Amino acid sequence: MDKHAIWKWLLFLGLMSWSLALVVPLDKIKLGLDLRGGASFTVQVDEEEVLKQLKDEYRDLTEAQLRSRLPQAVREAQEKALEIIRNRVDALGVAEPIIYPEQHNRIAVQIPGSSPEEQQRAAHLIKSAAFLEFSMVHEDNDNLVRNLFDRGLAPPGFRIVSMDGTRRGEYYQREAGRVEELGDDWRQSIEGFQAPPGYRFMLEERMVDGHRLYSPCFVSRRSELKGDAVRHAKVEYNAMGQPYVTMQFDARGARRFANITSDYAPGGPRNPNPEGRRYLAIIMDGKLYSAPFIKTAIFGGDAVIEGNFSMKEAQDLSIVLRAGSLPAPVQIIESRSVDPSLGRDSIQSGLRAAVFSGVVVILFMAIYYFWGGLIADFGLLSNMLLLPLGMLLASGVLGMFTGAGGAGLPVLTMPGIAGIVLTVGMAVDANVLIFERIREEQNQGKRFGAAVEAGYSKVFLTILDANVTTVLAATILFVFGTGPIRGFGVTLTAGIIVSMYTALVVTRMVLELVERSGKVQKMRMLSMFRATRINFIAWYKPALLASLVVLVASSSLVGWRAWRDHSSVLGADFTGGASMTFSFTERQDVESLRAALSEAGVRDAQIQYQREMDRPVEYLQVRTATGNGDAVKQMLLEGMPAAGFQLLSEDVIGPQIGQEMIGRALKALIYALVGMIIYISWRFEFAFAIGAIAALAHDVLICLGLYCLMGRQINMIVIAALLAIVGYSVNDTIVIFDRIREKLRMNPSGDFAQLCNLSINETLSRTVLTSLTTFLAVFMLLFFGGGAINDFAMLLFIGIIAGTYSTIYIAVPVMLLLRKRMHKKPGEPAKR
């Protein structure tokens, strides 16, 4: 008996308990805007502040010239503020907020969850200007402060305190109710208190013997360094477990920080006294966080912000520092609670489709692999139950790359549920690989125990290479991407980590128990394919030509449609559109509204009921692409008289996916492709990497072309589905490449085309079985899921077919042709 078996089972039970504790009771699961609703904020950029900035920057321009530049400056401030707010609200990429620009310098922000604490924290993150500055403390600060205490002077709302009999006149303490009378900007209101010219009076908050006290400081009004030089920020902990924030400056900021600290360190040019003590104040949005003593010159470009932080306060501070300062102040001018964007019927049908998909996959495995399939099903159920823990660990590890400072479960949306079901279908792949390898070993005459051992050993590198390639891409997408790109990276990484553990460890533990019982001599299973000898390579030219024709034809037709009307191809997420708000006398079901608008030709409508937070007034908001507004108004105002709809407002809204977000997403995708090429080239050969990328590009382009030809539009859900197809395509290709590599090592001088053909035939049953199980799961989503799930499932449906085809007829032929040219001898013509 394996002496470590008991510890493996105890570890499994411990991980399972931890994972279940994360989601039980079920109200711990955070539901997204489409399933639960949340809060909606409308914020407005301060136009007067933008004008003031223009006056400071262009002092030689007249008032009329400044006013002429104001609209463009406001638009630029709105665009930058939108991306900064997005990065703040969704710092880790797991909240999936809806953020888009509106008219009149406004930005709409919707976040899932509706608790007052969540709303208050989100409002703070949205409004915080995040203006960071480093300023010098007055060189005679100690005497100035002592003079205040000796004279018994205290700023409005504070009193001098003595903590014991020996310490007198060192701190101030709030007077109950007095500070609140000064308003939210009380810090600014006391800046002039007894301050010398060019300085401001500030208070640093400290905890002394359990009391919240304030230490005074006179700080220069001139900034030595500002927050725009901060490149990175993250949360760390001191020896007492107290959180603090570390920062790293860019090259320019690091040089400036080194100059400041070297000038004011004891014996420096501006502090020639070797015993002199100068302090550098660290200020954020007018609040003095700390004023550390400059002991020596600091050349590393690192700084620390310490304070009386809670964990959430430290996280929020690091978030706003990483996201950057707002270009101009913003004010929340409207707050509403919002209903789920999906109707009750749509939610129920989506959940029903998810359950049916899981059941179909489980039944198929049990029927095809008999009792072995039941073991695989146990692994799949374990996979689902361990997924919350996987998501927690994945978000924590990936968050370390961006300094997010913490881990959390992603918000669960309906596409997220569909994605989890797809993960189950794809997780079968590892079990199929293992079982098919065990079948091969048994066919060679090995006993059951030896066949299991050999099966897991030989398939380990295959599963590792396939999953590491995908995890590498997911990590790069997370680090360099934003918004839903990051959310996908977390979910994909978690699914892969958990599925590898359940397939390679958990199911093996069960099989070892069966083997030790001595009751099983052979693992029986059905066989879809006997030993095939299909000459796949002989058909690669017609296949490549057919793919080229489909690609050119679909791309040309889609391009022509986009040239005539880009909104017919791109949804409102990319192009912007119209937002209409209606009052009503009789509330209508969201699904009936969606069906009525679809009949009127409006398929992309986003429908949502909203309520004022401070009064019981309810509205219906409909967002749609440009050009569909008239159809929406006609249907609601004239086609549903019983509902009593009245148009209250109609606004032009900008795209949810801005230029900066598109740029970061494209950059992340390029980095991911480069990373995949490097890894596959290292593990295989360069030609293999190009073949995998060619198949990946083929699948994405074919899916987009055929999907758009069906009259459907590209939106955020489509992007999520395409990312899933990318992971599926690479995983499928690596499996065949691994078999080719194995054959090549056994027979390095053999005919390479025949080795490729033999490898495709030997892995054909695995390719078909994996595609079939995933296909069954997606078919359930397509047949039973409605609304957004149907779009998601349709694209995956096309992607599975395209991915199975491209693995055989794109990846392998491209790799084969390129490898022949790379291994061609000088003067020898290329082999055909």
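**Entry 1: Gln621 and its contacts.** I looked up which residues Gln621 touches in this predicted model. Leaving out residues up to four places away in sequence, I found Tyr100, Gln110, Ser579, Met580, Thr581, Gln606, Ile607, Gln608 and Gln610. Gln621 itself lies in strand S18.

**Entry 2: buried or exposed?** I checked the relative accessibility of Gln621 and read 7%. The cut-off for buried is under 20%, so I noted Gln621 as buried.

**Entry 3: polar contacts.** I then looked at the side chain of Gln621. I found a polar contact of 3.2 Å with the side chain of Gln610. I found another polar contact, of 2.8 Å, with the side chain of Arg623.

**Entry 4: the strand beside S18.** I looked up how strand S17 (residues 606–612) is joined to strand S18 (residues 618–625). I noted six bridges, and the two strands run antiparallel. Gln606 stands opposite Arg623 in S18.

**Entry 5: the whole sheet.** I traced the strand order as S2-S3-S1-S15-S17-S18-S16-S19. These eight strands form an open sheet with antiparallel pairing. I marked strand S2 (98–102) and strand S19 (646–653) as the edges, since each pairs on one side only. Ignoring direction, I noted that neighbouring strands are turned by 30° against each other on average.

**Entry 6: helices on the sheet.** I found helix H3 (residues 63–89) packed on the sheet, where H3 touches strand S1 (38–45), S2 and strand S3 (106–112). The direction of H3 makes about 10° with that of S3. I also found helix H17 (residues 629–638) lying across strand S16 (577–583), S18 and S19. Helix H17 runs at about 15° to S16.

Definitions and conventions: Residues numbered from 1 in each chain as written. Predicted model: local features only at pLDDT ≥ 70, side-chain atom pairs only at ≥ 80, totals over all residues. Heavy atoms only, no water. Pairing = 2+ DSSP bridges. Helix = DSSP H or I, 4+ residues; strand = E, 2+ residues; numbered from the N terminus. Axes fitted to C-alpha atoms, helices over the stretch in contact; angles between N-to-C directions. Contact = heavy atoms within 4.5 Å. Buried < 20%, exposed > 50% of the residue type's maximum accessible area, 1.4 Å probe, protein only. Polar contact = N/O pair within 3.5 Å; in protein donor to acceptor, adjacent residues only side chain to side chain.
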